[in-house]
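Reader: I am new to this structure and would like to know what the terms used for it rest on. Please set each value against its definition.

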Amino acid sequence: MEREQALEELKSRIENENLIKHSLAVEAIMKDLAFYFKEDIDKWGLAGLLHDIDCEKTAGDISKHSLVGAEILESLDIESSIIYAVKAHNDYHGIERKRKIDKALYCADPVAGLITASALILPSRKLEDVTVDFVMKRMNEKGFAKGANREQIKSCEQLGLSLEKFIEIALEAMKKISYVLGL
């Protein structure tokens, strides 16, 4: 599936603009991680873009999230490795994250939220003013961006990346599309 068609499919199922922006942020992070690891940039990008395609349909039911998404992606004839990564990004199902794409999506999802929240507390509310050090400090604040699972973010080490390097890659990826994210 081409990226533009995937974006149309996402937008046909997700009305919440912030959730669409989150998906775009995760897509950007996944693409830059793929570039870093010399993996398939388009495939990794699609995994990031489509990982939450079922969020509104499952309405916060963690027991269904990602399984319904996988069914949607199967009906769209998406490559099986992307579908597997989408299923594995939800801890609830206990699906082993075997490949780099699986591990990358798992840690990219929450870091997008942490970085977005970091930008939103700055007076400028702009990603251009966010630094790796700033995000690292927010990472250690338990009360900040509670939905951004720190252990999940730290799983970047399973990819062979230090937390600082991972945040650097993710932040730079999001800065590239800051105009789309409105940050």
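Reader: What makes the radius of gyration of the protein chain agree with that of a compact globule?

Author: The radius of gyration is taken over C-alpha atoms, and the globule rule is 2.2 Å times the number of residues to the power 0.38. For 183 residues a compact globule would have a radius near 16 Å, and the protein chain has 15 Å, so the two agree. Along the principal axes, the C-alpha trace spans about 45 × 35 × 30 Å. This is a predicted model: local features need pLDDT of at least 70, side-chain atom pairs count only at pLDDT 80 or more, and totals for chains, interfaces and linings use all residues. Residues are numbered from 1 along each chain as its sequence is written, and side-chain values use heavy atoms, with hydrogens and water left out.

Reader: How many helices and strands are there?

Author: The protein chain has 11 helices and zero strands. Both are DSSP runs numbered from the N terminus: helices are H or I with at least four residues, strands are E with at least two.

Reader: Why is F37 called buried?

Author: Buried means under 20% relative accessible area, exposed means over 50%, and partly exposed lies in between (1.4 Å probe, protein chains only). F37 has 14% relative accessibility, so F37 counts as buried. W44, with a relative accessible area of 2%, is therefore buried as well. Y36 has 39%, so Y36 counts as partly exposed. Buried residues make up 52% of the 183 residues in the protein chain.

Reader: What makes Y36 and F37 an edge-to-face pair?

Author: Rings of Phe, Tyr and Trp (its six-membered ring) pair if their centres lie within 6.5 Å; planes under 30 degrees apart count as stacked, over 60 as edge-to-face and the rest as tilted. Y36 and F37 are 5.1 Å apart centre to centre, with 90° between the planes, so the pair is edge-to-face. F37 also pairs with W44, at 6.4 Å centre to centre and 45° between the planes, which is therefore called tilted. Y36, F37 and W44 form one aromatic cluster.

Reader: How do you know that the charged end of R138 sits over the ring of F134?

Author: A charge sits over a ring if NZ of Lys or CZ of Arg is within 6 Å of the ring centre and within 35 degrees of the ring normal. The charged end of R138 is 4.3 Å from the centre of the F134 ring. R97 likewise lies over the face of Y106, at 3.5 Å from the ring centre.

Reader: Why do R138 and E141 count as a salt bridge?

Author: Side chains of opposite charge can pair when their charged atoms come close. The term asks for a side-chain nitrogen of Lys or Arg within 4 Å of a carboxyl oxygen of Asp or Glu. For R138 and E141 the N to O distance is 2.7 Å, so they form a salt bridge. R138 is buried at 12%, whereas E141 is partly exposed at 32%. The structure holds 13 salt bridges. Among them is that of D91 with R97, whose closest N and O atoms are 3.3 Å apart.

Reader: What separates K165 and E168 along the helix?

Author: K165 and E168 are three residues apart in helix 10 (residues 163-176), so about one helical turn separates them. Their side chains meet in a salt bridge at 3.3 Å, N to O. K165 is partly exposed at 27%, and E168 is partly exposed at 35%. Elsewhere, salt bridges that share partners join R3, E4, E27 and K31 into one network.
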